[in-house]
Amino acid sequence: MRVVEVRKFGGPDVLVPVEVADPVPGPGEVVVNVAAVDTLFVETQIRSGWGGEYFDIKPPYVPGGAVSGEVAAVGDGVDASWIGRGVLGYTGGALQVDAYAERAVVPAGELVPVPDGLGLPEAVSLAHDGTSAYSLFDRAGVRPGDGVLVVGATGGAAVLLIQLASAAGGTVIGAARGRRKLDLASELGATTVVDYSEPDWPERVRAATGGHGARVVFDGVGGEIGLAAFGAVAAGGWMSAHGAPTGGFTAADPAEVAARKVTLHGIAEMRLDLAGRRHLVTRALADAAAGRVAPVIGQTFPLERAAEAHAAIEARTVIGKTLLIP
């Protein structure tokens, strides 16, 4: 079967398709015939050599942490009724490995059934971004009338946050770069959109919230843009600085955080145990199957073109989810 392997840290070109032996499930494992593979920005960062303090991954390795597909075989101790079922499966947990493949080995405890009415690509789109969005939304406690700023508004988790906050009665401001992304944010429920390539964008956020600033800020970008977003948080507001695609998480001044009485959450609060992740992804899958939220699959690439997918993600030309299709 084909997998895509990172032979050494570097640019997208280090992603190389290779042929390997078909996997065999061990005790407590299943093999999934993969229909779609999730991709994440952090996978491009790990591939480049970033994040050694967070991720104990060294080449050669097969990237990716989640797949969807049908169970093809089960190992000892696994109920045979899984065979033929459509599932979402987590391959590498926090290590984000072993999913860029035609067939993937998944621990049986990491399987989640895909509900009727939901496609397998849509299901894998929620594997990581669904859990992140629902976890953030629950922590933020969005109330009717709250000003809610979503920074990086067309990322995989951000598109869900816009929908969740809008359904909760929040006044959503979507911040992104370029007309195409701003139009999508509006379609998803943002009542105001701002281009964060324009220098006055934080002032426009404050104007959209009656001069007070947003009570809730979801920052999926970090760096200088995230710092500007922190300036648009209302006094006594709540902010999650969970994104770092610009190279670093938002580094707000702790003294200013305290003076303005802002509750600031970082990446550490995003970690979930198995039970927490399963609970959140099951909610996300059920809501998507019922039409209450809709992931946005902006683009797909054949598995062997994973290097092109990474290049597009890094170039920030993609919207929503980018999936690999074996």
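**Entry one: Leu88.** I began with the neighbours of Leu88, setting aside residues within four places in sequence, and found it in contact with Val67, Ser68, Glu110, Leu111, Val112, Val114, Ala123, Val124, Ala127, Val281 and Leu285. Contact here means heavy atoms within 4.5 Å.

A note on the ground rules: this is a predicted model, where local features need pLDDT of at least 70 and side-chain atom pairs count only at pLDDT 80 or more, while totals for chains, interfaces and linings use all residues. Residues are numbered from 1 along each chain as its sequence is written, and side-chain values use heavy atoms, with hydrogens and water left out.

Which residues have the most contacts inside the largest nonpolar core? I found Leu88 again, with Val142, Val150, Phe218 and Leu285, in a core of 49 residues. Helix H4 (residues 156-167) gives the most to this core, eight residues. A second, separate core has 35 residues, including Val6, Val32, Ala99 and Ile313. For the term, I use buried Ala, Val, Leu, Ile, Met, Phe, Trp, Tyr and Cys residues joined through side-chain atoms within 4.5 Å. Buried is under 20% relative accessible area, exposed over 50%, and partly exposed in between (1.4 Å probe, protein chains only). Helices (H or I, at least four residues) and strands (E, at least two) are DSSP runs, numbered from the N terminus.

I located Leu149 in strand E8 (residues 147-151). It is buried, at a relative accessible area of 0%. Its C-alpha atom is separated by 6.0 Å from that of Gly174, 25 residues apart along the chain. Beyond four places in sequence, Leu149 touches residues including Ile173, Ala175, Trp201 and Phe218.

How do helix H3 (residues 129-140) and helix H9 (residues 274-289) pack? I read an angle of about 100°, with the axes 8 Å apart. H3 and H9 are therefore roughly perpendicular, a label for angles of 65 to 115 degrees. Axes are lines fitted to C-alpha atoms, for helices over the stretch in contact, with angles from 0 to 180 degrees between N-to-C directions. Tyr134 and Asp138 are among the H3 residues that meet H9, where Arg277 and Leu280 are among the partners.

I ended at Thr250, in the loop between strand E12 (233-241) and helix H8 (254-259). Thr250 is buried, with a relative accessible area of 10%.

Definitions and conventions: Angles under 35 degrees count as roughly parallel, over 145 as roughly antiparallel, 65 to 115 as roughly perpendicular and the rest as oblique.
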